[in-house]
Amino acid sequence: MVRFSSDGGVPSDAEGIAPVIPLFGGRRVAAEPARARAAAVAPGRAAVGDADPVAEAADALARLGRRSPAESSERPPQWRTGWAQEAAPVEEESDEELADRVAAAERILLKKLRSRQLSVSEARAAAAEHDLPADDLEALLDSFARLGYLDDARLAEQLIHAGTHRKAQGRRAIAQTLSSRGIPREIADEALDEEPDDEAQRALEFARTKARQLDSVDQETAMRRLMGQLSRRGYSGSVAATAARTALTEKRAPGGVRFS
């Protein structure tokens with residue numbers, strides 16, 4: 001029969017028995033024999049009170065089948081990220097698949113060209129939707145240019161003709177149209193310089209047609225409205241003012257006399 005002392009200690013004939021922890025503030029007795037026995041079982045390890053926390057953590061990770069933080073950098077990325085899987089290899093596109101995409105880009109360009117003329121820049125943007133390699137894209141555009149389907153100089157001439165004769169636009173508005181269609185600046189300037197310098201005359205013809213609709217307003221209001229309309233057509237301030245003044249003067253003159 002095991003005997004326990006009244007002060008919560010361990011009797012001399014109870015070697016190896018776990019210490020009894022006093023519940024009411026009694027004196028604690030260190031279990032030196034138990035600690036010595038643990039040291040004998042695991043030789044080379046320090047006592048519990050002297051254990052190195054870093055070493056204990058490394059041992060715990062090793063027991064769980066994982067490496068310590070110091071060794072984790074040696075693992076490949078998918079180990080460190082847990083369940084990450086290796087990326088699937090990218091399959092190279094076959095020649096037949098590339099040829100199909102080139103043909104699709106060619107068809108979309110031909111469809112657009114049936115409705116209106118395209119600039120090289122507009123054609124490039126339309127064909128780029130098929131994600132063609134740069135070399136194949138440029139080769140396609142070059143073939144269309146050789147066939148005469150793409151011609152920025154000819155398109156610039158068409159846009160200038162439409163702006164001057166059908167829309168009665170000034171040089172500034174026509175230049176903006178060429179830029180918005182992707183016509184290079186040097187081609188646009190060259191095409192505009194080849195046109196006759198009749199902007200003042202076009203502005204006056206436009207002002208005369210609009211002045212007839214301003215009989216119900218006073219001179220100042222008619223002048224302001226005419227200049228606003230001319231400005232929106234792309235005429236400069238001086239050209240617009242001269243054309244508006246001349247058109248209103250002719251309208252109010254006896255018999256509608258026109259000044260040359």
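Arginine 202 is buried, at 14% relative accessibility (buried means under 20% relative accessible area, exposed over 50%, partly exposed in between, with a 1.4 Å probe and protein chains only). Arginine 202 forms a salt bridge with aspartate 198, with the closest N and O atoms 2.5 Å apart (a salt bridge is a side-chain nitrogen of Lys or Arg within 4 Å of a carboxyl oxygen of Asp or Glu). Aspartate 198 is partly exposed, at 30% relative accessibility.

This is a predicted model, in which local features need pLDDT of at least 70 and side-chain atom pairs count only at pLDDT 80 or more, while totals for chains, interfaces and linings use all residues. Residues are numbered from 1 along each chain as its sequence is written, and side-chain values use heavy atoms, with hydrogens and water left out.

**Confidence**
- The average pLDDT of the chain is 77, and 62% of the residues score at least 70 (pLDDT is the predictor's confidence in each residue, from 0 to 100).
- Residues 1-6 stay under 50 in pLDDT, and the model gives them six contacts beyond four places in sequence (contact means heavy atoms within 4.5 Å).
- The pLDDT is also below 50 over residues 78-84, a stretch with six contacts in the model beyond near neighbours in sequence.

**Glutamate 199**
- Glutamate 199 is in helix α10 (residues 199-211); helices (H or I, at least four residues) and strands (E, at least two) are DSSP runs, numbered from the N terminus.
- Glutamate 199 is buried but has no salt bridge, and arginine 202, the nearest side chain of opposite charge, is 4.4 Å away (Lys and Arg count as positive and Asp and Glu as negative; His and the chain ends are not counted).
- Leaving out residues up to four places away in sequence, glutamate 199 touches Gly170, Arg171, Arg172, Gly234, Tyr235 and Val239.

**Salt bridges**
- The structure holds nine salt bridges.
- One of them joins glutamate 138 to arginine 124, with the closest N and O atoms 3.1 Å apart.
- That pair links distant parts of the chain, 14 residues apart: glutamate 138 is in helix α6 (residues 134-146) and arginine 124 in helix α5 (residues 120-127).
- Glutamate 138 is partly exposed at 32% relative accessible area, and arginine 124 is partly exposed at 31%.
- Lysine 251 forms a salt bridge with aspartate 215, the closest N and O atoms being 2.8 Å apart.
- Lysine 251 lies in helix α12 (residues 237-252) and aspartate 215 in the loop between α10 and α11 (219-232), so this pair ties together parts 36 residues apart in sequence.
- Lysine 251 is partly exposed, with a relative accessible area of 26%, whereas aspartate 215 is exposed, with 56%.

**Aromatic pair**
- A search of the whole structure finds one aromatic pair (rings of Phe, Tyr and Trp, its six-membered ring, pair if their centres lie within 6.5 Å; planes under 30 degrees apart count as stacked, over 60 as edge-to-face and the rest as tilted).
- The ring centres of phenylalanine 144 and tyrosine 149 are 5.5 Å apart and the planes are at 70°, so the pair is edge-to-face.
- Phenylalanine 144 is buried at 2% relative accessible area, while tyrosine 149 is partly exposed at 37%.

**Helix α8**
- Ala173, Ile174 and Leu178 are buried in helix α8 (residues 171-180).
- Down the axis of α8, its buried residues fall within an arc of 140°, so they line one face of the helix (the arc is that of the directions from the helix axis to the C-beta atoms).
- Gln176, Ser179 and Ser180 are exposed on the other side of α8.
- The cover over the buried residues of α8 includes α7 (152-166) and α9 (185-193).
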